[in-house]
Every structure is written in C-alpha cells, then in structure tokens.
Amino acid sequence: MGMDGGGGGGGGGGKLPYSYAGVGHSDGKLVKSFSRVEPRKFGMGLVAGFLLVTCAYFSTAKFDAIHIAMMSPISKDAAGIGSLVSGAADTSNSKQKLDLGVQDRNVLSKEGSKAEVLEKDDGNTSPSGTDSGRNAPLEETFVGDSGDGGGVGASSTAANPTAVGGRGEVPAKDDDATTAAVLPPVSSEEAGNSTQESGVLEDEELQVQEEIAKPSSKKTNGSSAAAIPASGGNGGSTSVVHSDPAVLPAPVQQIPPTTKEVKAVADQQIPAVPEVKQADSATPAREWKPLCDLTSNRRIDWCELDGDVRVLGANGSVTLVAPPGADERTFREESWRIKPYPRKADPNAMHKIRVLTVQSVSSGEPPACTERHDVPALVFSDRGYSGNYFHAYTDVILPLFLTARQYAGEVMLLVTDFQMWWIGKYLPVFKSISNYEPVDLDNDPRVRCFRHVQVGLTNHDDFSIDPRRAPNGYSMLDFTKFMRATYGLPRDVAWPAGNATAPSSKPRLLLIARARTRRFVNTEEIVRGAEKVGFEVVVSEGEHEVAPFAELANTCDAIMGVHGAGLTNMVFLPTGGVVIQVVPLGGLEFVASYFRGPSRDMGHRYLEYRITPEESTLIDQFPRDHVIFTDPEGVKSKGWESLKGAYLDKQDVRLDMKRFRPTLKKAISHLRKAKAV
C-alpha cells in the first residue's frame with residue numbers, strides 16, 4: 001500500500017524519465033531543463049506519498065490509539081462502548097465506533113445549543129432554586145448543601161468534573177437504564193449522518209468542536225459555572241459538564257469522546273476545584289426589587305427583606321446590608337418610613353403608631369450584630385385600635401396567624417408600641433404562634449440580625465382571609481380551628497354531633513348582653529322566646545379575660561347579639577353553628593358585613609335581623625319625622641363621627657318578638673337539619 005501510494009503520490013514526476021528516454025538525445029536543451037527540475041518534483045512526490053501513508057495508517061489505528069492513550073476502564077453500561085477496545089481490528093466494529101462517535105457529537109452539540117439558550121435567559125446559567133415571593137407567603141427556599149441536580153448540587157458537579165457519570169449525568173427519560181441513558185435515540189437523519197463518508201464527518205466534527213469551545217470560552221472569560229441546567233417535568237434539574245477540549249489528547253480533537261471517557265481524562269488531568277467557591281458563584285443573585293410596597297394593599301404598607309438584615313429597635317431601624325460584590329442590578333440603596341399597622345387610611349388609628357425606618361445600605365459601617373437568629377422575624381405594632389376586641393382580632397391576631405402560622409413556631413415577633421397588658425391578654429395566641437417570647441422592640445438596645453424580616457403583617461381584609469392569596473391556602477375555617485386549639489376548647493362541631501355525651505340535650509344559644517350602648521332592653525322577653533322554639537339560652541356580657549368567655553362560647557351552638565365587638569367570639573363557636581346579627585337603625589348594613597361574610601367563611605349559618613324604628617330606643621328621643629329616621633344617608637354623609645354619635649352611641653334595641661320569632665325558628669331548624677343528617 002505504501003509503494004502504491006508513493007508512485008501515485010509522485011504524479012508527473014514519475015512519468016518524465018520515460019518520456020525523456022523516448023525522445024533520445026537530439027534535444028539537449030529540453031533534457032537539460034528537465035534534469036534541472038526533476039529532483040524537486042520528485043521530493044514533493046515523496047512528501048505527498050508519506051502523507052497518504054500516514055492518513056491510511058491512522059484511518060485504521062486511531063481508535064486504538066485513543067483508548068490506549070486514555071487507559072481507562074469502560075463500563076458495559078456505556079452503550080456498548082467496550083467493543084471499541086476489543087474489536088479495533090474488526091471492520092464491523094470500526095463502523096460501530098464511527099456511529100457512536102457521531103451520536104456522542106450529536107449529544108454534545110445539542111447540550112451546547114441548550115447552554116447558549118439558557119445563558120441568554122436572564123443571564124442564568126445554573127439552577128438557583130426558587131425565590132420567595134412577596135407577601136405571600138415568606139417561603140424562603142434555601143439552597144441546600146447537596147441535591148440531585150438543583151441549587152448547589154448542580155454547581156457542585158460543575159466544580160468537580162470527576163462527578164460526571166454519577167449524579168451529574170443526563171438522566172434517561174424513562175426508567176429503563178439502557179443505551180438511551182447515555183446516548184439518546186438518534187433520529188433517522190442522525191443515523192444517516194453516521195454512515196456518511198469521512199469528508200462529511202470531518203465537517204460535523206468541526207461543528208461539534210465549535211459548540212464545545214463556546215461554553216469553554218465563556219468560562220475563560222469569567223464564567224465559573226460549567227453546569228448546564230436541564231429542567232425536569234417535576235421541577236428538578238440536572239447538569240452536564242463539558243471538559244475543556246484543550247486538555248484532551250490530540251486524536252480526541254477529531255472524534256469527541258463519550259461522557260465516561262471525558263470522566264477518565266478529567267480524573268487524570270483536571271484538578272478538583274473546591275465545591276464551596278463554585279456553589280457560591282453558581283447561584284445567580286436575584287434581581288433587585290423595592291424593599292417596601294406602599295400601593296398594592298389599601299390597608300397596610302409592608303416591607304420584605306432577605307439577606308443580611310439588622311434590626312436595631314432602639315432607633316427604630318431595619319437595615320439590609322449589601323452583600324460583597326453587589327452591583328446595580330442586584331442591590332440598590334433605599335430608605336422607607338413605615339407604620340406597621342393595617343389602618344393606613346385612618347389617621348385616628350395611625351397617629352399613635354411609631355414610624356420605622358426600613359433601608360438598604362452599601363457603604364459606611366452598619367451596626368454590628370449583637371445577636372444572630374436562624375429564624376425569620378415579623379415586625380408589627382399592637383397599638384392603633386387594638387384595645388377594641390374586634391380590632392384586636394382583625395388588625396393583629398388574624399394577620400399574625402395569616403403571616404406567621406406557616407413557620408410552625410420558628411419565627412420571632414418584634415412588637416413596636418409594645419403594650420404589656422395587651423400582650424398578656426392574648427398571650428396564649430402569641431405562645432401558639434411563636435416558640436419565642438415577644439420582643440419589646442422600642443426598648444431593645446440589641447442589634448438583632450436575621451436572614452429574613454417582614455415589616456408589617458400580611459392583611460387581606462377586615463376579619464377575613466382570601467385562601468387564594470394565603471400561605472398554604474389558609475382559610476377562616478383554619479383560623480377558627482387554630483383559635484379553639486389555642487384555648488384548648490373541646491367542641492369542633494355544633495349540636496348534636498358536638499354533644500355525643502348528651503344527644504338529647506337542647507342546642508345552646510349565647511345571648512350577648514352589652515353593658516353600655518346597643519343593649520337589649522327586653523332581654524328576659526328574648527330569652528323566653530328563644531326557649532319556646534327549643535333553645536337553651538345563656539346570657540353573658542363577657543369578661544376582660546379571653547379564656548373564660550371562649551370556653552363559654554364553645555359550649556354553645558348559636559350566638560346572637562346587636563352589631564358590636566361581642567360577635568367576634570363566634571371564632572370559638574363549633575363549626576356548623578348559627579350566628580344571628582341584629583342590625584340597628586341607621587343604614588348600618590355596611591358595618592354588618594364585618595361579621596356577615598366571615599361567619600360564613602367560618603362554616604356557620606348566618607342570619608341577619610334589621611330592626612324597625614319602633615324597635616329602636618331612638619323613637620323615645622326624637623320625633624318620628626326627625627332626619628335621624630327620615631334621612632339616615634344624610635346623617636352618614638357628614639362622616640363617621642356623625643354616624644357613630646347618632647346610631648351607635650345613643651341607640652338601644654327593643655326586639656319585637658312576634659317579628660323576630662321566625663329568625664329564631666330558622667336558627668333552630670338549621671341545627672335540627674344537621675341532626676337529621
């Protein structure tokens with residue numbers, strides 16, 4: 001073969017001597033010119049012949065050369081790659097080598113293209129886990145130390161190329177660990193490419209090398225993330241590591257090796273990189289978002305801070321410190337003034353609330369931490385209208401449940417405008433919400449440092465939860481279960497299921513008696529009427545202590561009262577009970593909504609009774625043609641104080657029992673239907 005190649009390689013140089021001999025010595029000038037040129041052309045022929053011999057040699061021996069040079073064991077799982085070593089001399093095996101080489105190049109080419117697409121997507125080149133959303137639920141997903149492809153787990157593979165073939169491999173898309181686990185099924189077009197002549201194959205090799213070179217060049221230019229995420233259908237991700245082709249043996253530049261061959265070379269020539277450095281750089285920083293939201297909620301301004309957060313209660317500041325290397329995209333200096341109480345449109349409620357400064361800083365010396373906490377913190381005020389029983393629930397207790405319950409006790413409560421008597425009154429709630437004592441923030445000289453702080457509690461509406469926006473889908477039904485558990489109340493279901501020990505007993509009606517305004521002036525008549533329809537009636541005004549009244553309410557199956565804070569105790573009523581709200585005169589249907597919707601959301605039957613002028617004690621104070629009767633809207637249009645003075649502070653109720661009796665019958669009928677079911 002070498003001789004044939006040498007003769008062919010000589011070309012015209014091999015034929016000139018015979019032509020010279022045929023002509024004779026008659027043309028000496030021509031002979032002289034030919035004899036002068038021939039040695040150089042003959043040398044060129046020899047060189048060309050040598051090149052052809054070399055190419056012919058490597059065409060049969062290059063696969064053996066590759067595997068001999070690498071000296072790495074090949075597993076049987078690598079799609080039959082072991083046959084490349086044992087069958088190098090077999091022509092059928094040689095063709096199999098070519099086919100596998102093309103498939104490997106297709107795999108690497110596809111992954112290279114995927115890397116380009118992901119690098120263009122917000123600049124993210126590696127998985128980073130999920131970010132916590134705002135006001136929503138404060139799920140902070142911390143990136144774990146390890147994992148099967150997400151977060152730091154993915155970047156650890158990039159940091160240590162020796163992990164290829166373990167968790168870093170591209171997983172098969174089905175459960176069968178066959179050839180597809182390493183080499184995905186080729187299409188008919190790819191299969192055709194694997195049998196093309198060597199000239200076309202070389203063009204494909206160049207394309208594969210270019211694709212491999214792209215991520216490596218990006219890496220050289222400063223990107224330390226070599227992992228390429230491939231999102232799975234379940235939200236997980238995997239990574240593929242491409243080694244720098246510059247460190248591979250020369251033959252590999254022509255035919256890219258399989259994934260496990262890359263592992264062998266990486267083991268021998270690429271030193272391990274510390275995983276921690278790669279893990280830090282592989283997690284892309286979040287885009288900056290404003291610390292506080294003053295517009296999306298009509299009830300409260302609130303802020304959410306993640307990172308190095310330092311709370312100094314003595315000067316009322318909550319400070320987010322810039323991380324090292326922060327830029328304009330990931331960090332900005334801001335300063336906000338926040339009153340963390342959910343009545344921002346009501347100056348009467350807000351004027352006593354302390355202003356807190358919420359800020360982010362990147363320069364200067366931030367206050368040094370005196371205490372570090374591994375749990376998140378919630379900052380809120382307990383002042384405002386919280387002295388009112390209803391407002392205590394709707395402005396603080398319910399928002400606190402909505403915001404903090406998801407942490408299962410592992411959250412700190414930092415209370416500004418701290419009122420010891422108020423905290424003491426609702427201490428069981430605070431103990432159920434947090435495993436830590438509430439902090440009097442205004443008098444706390446320490447600098448407390450957290451990774452997550454929310455200033456202002458999550459708030460949806462008055463005495464209401466929207467499950468679509470609540471963490472874990474919390475509802476008012478969940479809130480009532482929480483309150484019953486907090487005070488250790490035994491009855492979760494109304495009569496008769498809740499009276500298993502005495503199934504023949506009557507359902508109990510709690511009649512709330514008010515001491516000052518909006519009182520029932522004919523209480524005894526109301527009790528007799530309720531007993532006639534089948535209720536056992538309990539009359540109570542309530543006490544300062546929550547627990548005794550909560551226990552009483554839980555023994556009842558229905559609760560009844562004139563619109564007022566006392567109806568808030570329906571949170572302790574067993575599920576399936578009845579709430580009867582008596583609405584005073586004066587167009588107060590809009591304030592009745594404070595209990596109308598929430599009672600239904602708690603799983604109770606709601607009944608509303610609106611009194612007539614004759615049932616109001618205002619008829620004893622004003623003539624029947626007075627504006628207080630004829631124009632309630634005009635009175636209301638003058639403002640809340642006008643409405644409150646006319647209809648809430650000066651009015652008591654004298655129920656017409658003949659007119660009210662059908663309402664009582666509906667209540668008892670509802671409970672009896674539950675018994676029949």
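1. Thr517 sits in the loop that links β13 (508-512) to α16 (523-533). Helices (H or I, at least four residues) and strands (E, at least two) are DSSP runs, numbered from the N terminus. Thr517 counts as buried because its relative accessibility is 18%. Buried means under 20% relative accessible area, exposed over 50%, and partly exposed in between (1.4 Å probe, protein chains only). Residues up to four places away in sequence aside, Thr517 touches Leu648, Asp649, Gln651 and Asp652. Contact means heavy atoms within 4.5 Å.

2. A word on the source. This is a predicted model, in which local features need pLDDT of at least 70 and side-chain atom pairs count only at pLDDT 80 or more, while totals for chains, interfaces and linings use all residues. Residues are numbered from 1 along each chain as its sequence is written, and side-chain values use heavy atoms, with hydrogens and water left out.

3. Thr617 lies in the loop between β17 (605-610) and α19 (627-630). At 9% relative accessibility, Thr617 is buried. Its contacts, leaving aside neighbours within four places in sequence, are Val521, Lys650, Gln651, Asp652, Val653 and Arg654.

4. Now the chain as a whole. The protein chain has 22 helices and 17 strands. Of its 677 residues, 46% count as buried. Take the contacts between residues at least 6 apart in sequence: 75% of them join residues at least 24 apart.

5. Helix α12 (residues 389-404) has 16 residues, and at 1.5 Å a residue it should span 22 Å. The expected span is 1.5 Å times one less than the number of residues. The end C-alpha atoms of α12 are 21 Å apart, which agrees. α12 bends by about 30 degrees at Ile397, and a proline, Pro399, follows within four residues. The bend at a residue is the angle between axes fitted to the seven residues ending there and the seven starting there.

6. What caps the N-terminal end of α12? Asn388 does: a side-chain oxygen lies 2.9 Å from the backbone nitrogen of Phe390. As for burial, 16 of the 16 residues of α12 are buried, so the helix is largely enclosed by the rest of the structure.

7. The structure holds 14 aromatic pairs. Tyr389 and Tyr393 form an edge-to-face pair, 5.0 Å centre to centre with 70 degrees between the planes. Rings of Phe, Tyr and Trp (its six-membered ring) pair if their centres lie within 6.5 Å; planes under 30 degrees apart count as stacked, over 60 as edge-to-face and the rest as tilted. Tyr389 and Tyr393 are four residues apart in α12, so about one helical turn separates them. Tyr389 is buried at 17% relative accessibility. Tyr393 is buried at 0%.

8. The rings of Trp422 and Phe430 have centres 5.9 Å apart and planes at 75 degrees, so this pair is edge-to-face. Trp422 and Phe430 are both buried. Tyr389, Tyr393, Trp422, Tyr426 and Phe430 form one aromatic cluster.

9. Arg624 lies over the face of Phe629, at 5.6 Å from the ring centre. The criterion is NZ of Lys or CZ of Arg within 6 Å of the ring centre and within 35 degrees of the ring normal.

10. Where does Trp288 lie? Trp288 is in the loop between α10 (275-282) and β3 (292-293). Its relative accessibility is 13%, so Trp288 counts as buried. Trp288 and Glu328 are 40 residues apart in sequence, yet 8.2 Å apart in space, C-alpha to C-alpha. Beyond neighbours within four places in sequence, the contacts of Trp288 are Leu320, Arg329, Thr330, Phe331, Arg332, Glu334 and Ser360. The side chains of Trp288 and Glu334 make a polar contact (2.9 Å). A polar contact is a pair of N or O atoms within 3.5 Å; within protein, one must be able to donate a hydrogen and the other to accept it, and residues adjacent in sequence count only if both atoms are side-chain atoms.

11. Two backbone angles to check. Ala408 is not a glycine, but has a positive phi of about 50 degrees. Ala408 is found in the loop between α12 and β10 (412-416), and at 62% relative accessibility it counts as exposed. Phe463 has a positive phi near 50 degrees, again in a residue other than glycine. Phe463 is in the loop between β12 (447-455) and α15 (476-486), and at 0% relative accessibility it counts as buried.
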